[in-house]
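Dear colleague,

Please find below the structure that I am handing over to you.

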Amino acid sequence: MNKAIKSLKLMLILVASVAITSCVQDDDYTIPSSLGDEENKALTLLLETGNELSFAEVKALYQGGEFIEPEDTNVYVKGYVSSSDQTGNFFKEFFIQDSPTNPTSGLKVILNQVDTYNQFNLGREVYISLQGLYIGEERVGNGVITIGGGTETDQYGTTVTSLNEIQIRQKVLRSSVTETITPLNIGLTAITGDHVGLLVKVDNVEFADNLAGENYFDSSEVYDTQRILQDCSGFTYPQFILETSSFASFKNERLPIYNGSITAVVSKTFDGSSLVLALNTTDDVDMVNPRCTLLDIEDFEIVFNEGFDSGLGDWEVINTLGTQEWYASNYQGEGYVRGSAYDDGDIVEMISWLISPSINFDANENERLILQVADAFSNGQPLKAYYSNDYVAGTNPDDATWTEIGASEIAALPENTGFFNNVYDATGLINISMISGDAVLAFVYDSDDASISSTLDLSNVQILAQ
């Protein structure tokens with residue numbers, strides 16, 4: 001009798017323990033091989049009834065510091081996870097980008113959940129239902145457009161807050177697809193705020209000379225450590241920040257002392273004042289090449305020089321939008337080519353191409369381009385530079401393949417809002433060593449849909465080479 005009672009009690013205990021275990025919230029977000037029925041059902045319904053917004057459309061919902069809950073509540077955005085908190089370098093957040101390859105835009109998602117990599121793993125295709133959610137900034141003025149679950153206001157302004165557990169489950173839906181994210185290959189100096197949230201790869205970089213023997217994280221810091229990366233592809237060391245959290249599992253690893261590549265997510269500092277790179281893992285750091293040596297200007301000579309003192313010469317001017325165009329002029333013996341989208345009191349649409357004669361880029365090595373530019377009445381930078389190997393003289397430039405060059409160097413030119421454009425500024429040395437064969441250079445005045453009318457004078461185009 002006693003044995004039977006004991007056996008019955010033991011069975012009841014086992015049944016109860018199974019029941020209790022079944023009711024406990026499962027916090028194991030192991031990467032699923034398939035989705036649960038509820039998530040599948042919610043995603044299917046969203047795709048059948050909802051309207052997809054592009055990343056640009058989502059960002060446009062947040063303008064002028066106002067936090068927007070979408071008017072059309074049945075909308076969603078699709079993205080691919082580009083960050084991972086598996087090493088602790090990201091915390092209660094992840095980034096998504098608009099494509100697994102050649103992405104153009106990223107968004108931040110903040111959520112009250114740790115170890116998100118188990119559920120929202122790198123490359124996971126996610127669909128975020130925006131109904132009841134908010135688009136804004138996590139911190140006032142940091143410029144990082146973020147999807148959050150609510151808003152809060154303090155003495156500094158209004159910010160979005162994290163998605164709660166229910167919102168995560170109901171609003172952030174995974175498909176069964178996990179894509180391989182191909183990092184966007186980009187030069188260190190070409191990274192801008194438009195790349196925030198994207199996984200990028202930067203080649204030919206190394207940590208600053210004075211960081212030999214240092215770790216990723218400085219033990220005297222409390223939250224984040226900033227280490228300087230430098231790009232040594234030219235005459236100077238353009239620099240960028242790699243930021244590492246105090247919670248990163250790799251924080252005590254030594255910085256590599258060699259040169260190579262780094263793959264990381266573009267982000268911003270806490271206050272939003274600077275762009276930074278943030279690692280998903282140190283497996284994405286491949287620096288095994290010898291440290292580089294800066295180029296010496298004394299080893300270079302001028303191999304191409306156009307001052308426009310005799311007008312346009314062999315250069316072409318072709319418009320693809322509007323009637324305003326580049327034209328040659330001269331002041332006190334100084335030749336230049338002028339462009340302006342200002343016409344009779346109005347800013348007009350203008351895309352005008354100034355195209356060089358064909359240049360043999362196999363004749364020299366390590367070519368660098370320098371432009372002398374003066375401006376007046378500046379309200380933006382209309383100048384863009386390109387090269388093409390397949391442009392045919394006299395044809396529509398839109399029919400050729402063009403690659404942009406010197407974006408950061410041109411953007412760094414000072415702007416003059418005064419009346420006189422009599423001071424010429426030189427760009428930095430623009431790297432054009434990647435150009436091979438016979439190619440042409442093109443300098444394009446683009447009024448950006450009649451929003452820029454700066455008067456621009458290009459007085460000198462020089463190519464230096466070894």
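Predicted model: local features only at pLDDT ≥ 70, side-chain atom pairs only at ≥ 80, totals over all residues.

Residues are numbered from 1 along each chain as its sequence is written, and side-chain values use heavy atoms, with hydrogens and water left out.

The largest pocket holds about 1,200 Å³ of space. A pocket is an open set of points on a 1 Å grid over the protein atoms alone, with protein on both sides within 12 Å along at least five of seven lines; a cavity is a set of points where a 1.4 Å probe fits but cannot get out, and lining residues have an atom within 4 Å of a point. Grid points are joined across faces, edges and corners, and a volume is the space filled by probe spheres set on the points.

Of the 37 residues that line this pocket, Gly-187, Thr-189, Ala-190, Ser-408 and Glu-409 lie nearest its centre. Helix 5 (407-411) is among the elements that supply at least two lining residues each, together with strands 11 (184-185), 12 (199-207), 28 (403-405) and 30 (430-431). The largest share, 4 residues, comes from helix 5. Helices (H or I, at least four residues) and strands (E, at least two) are DSSP runs, numbered from the N terminus. The lining comprises 16 nonpolar, 15 polar and 6 charged residues, where Ala, Val, Leu, Ile, Met, Phe, Trp, Tyr, Cys and Pro count as nonpolar, Asp, Glu, Lys and Arg as charged, and the others, Gly among them, as polar.

The search of the whole structure returned 1 cavity of 30 Å³ or more. The largest cavity has a volume of about 60 Å³, and its lining includes Val-373, Asp-375, Leu-413 and Asp-425. By class, 4 nonpolar, 3 polar and 3 charged residues line the largest cavity.

Phe-420 lies in the loop between helix 5 and strand 29 (425-426). With 62% relative accessibility, Phe-420 counts as exposed (buried is under 20% relative accessible area, exposed over 50%, partly exposed in between, with a 1.4 Å probe and protein chains only).

Asp-115, between strand 4 (106-110) and strand 5 (124-129), is partly exposed at 39%. Gln-332, in the loop between strand 20 (327-331) and strand 21 (334-339), is exposed at 72%.

Yours sincerely
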